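Subject: Structure handover

Hello,

Here is the structure we discussed. My notes on what was found in it follow below.

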Amino acid sequence: MKADERIDLSNACAHVTPAMPRTAQRPTAGCKECLAMGSEWVHLRICLSCGHVGCCDDSANRHATAHYQATHHPVITSGEVGETWAYCYADDQFLSAG
């Protein structure tokens, strides 16, 4: 496993389950919705419940947050190479100790 594939869940919340992956495939192809509509994004986020790839809140369309609001899948990680952090929308908490 490459170092950039790991997800840092060292400060886990109650929404982190044993079934959630501890690694992510990076880089991903792009934000699913932005690719479909021909739009651009800033950074990518990966849902740890289902693997959906969406754009971050700095992107015009905020598809990662929209995915959380539609599905209530609480935990995401960065889709960017070299970033290992995770975040819980429900608790508004970063799950990485560092």
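Is H63 buried or exposed? The model is predicted, and in it H63 has a relative accessible area of 12%. The cut-off for buried is under 20%, so H63 counts as buried. H63 belongs to helix α2, which covers residues 63-71. Setting aside neighbours within four places in sequence, the contacts of H63 are C31, E33, C34, M37, H52, G54 and C55.

G54, one of those contacts, is also the bridge partner of R45, in β2. β1 and β2 are joined by three bridges in the antiparallel sense. They are part of an open, antiparallel sheet of five strands, ordered β2-β1-β3-β4-β5. At the edges are β2 and β5 (93-94); each has a single partner strand, so one side of each has no neighbour in the sheet. Helix α2 packs on this sheet and touches β1 and β2, with its direction at about 120° to that of β2.

On the cores: the largest nonpolar core has 17 residues, and those touching the most other members are I7, L9, V16, V75, A86 and L95. At least two residues of this core come from each of β1 (44-47), β2 (53-55) and β4 (86-88). There is also a second, separate core of six residues, among them Y68, I76, W85 and Y87.

As for A86, leaving out residues up to four places away in sequence, A86 touches I7, D8, L9, V75, I76, T77, Q93, F94, L95 and S96.

Regards

Key
Residues are numbered from 1 along each chain as its sequence is written. This is a predicted model: local features need pLDDT of at least 70, side-chain atom pairs count only at pLDDT 80 or more; totals for chains, interfaces and linings use all residues. Side-chain values use heavy atoms; hydrogens and water are left out. Helices (H or I, at least four residues) and strands (E, at least two) are DSSP runs, numbered from the N terminus. Buried means under 20% relative accessible area, exposed over 50%, partly exposed in between (1.4 Å probe, protein chains only). Contact means heavy atoms within 4.5 Å. A nonpolar core is a set of buried Ala, Val, Leu, Ile, Met, Phe, Trp, Tyr and Cys residues joined through side-chain atoms within 4.5 Å. Two strands pair if DSSP finds at least two bridges between them. Axes are lines fitted to C-alpha atoms, for helices over the stretch in contact, and angles run from 0 to 180 degrees between N-to-C directions.
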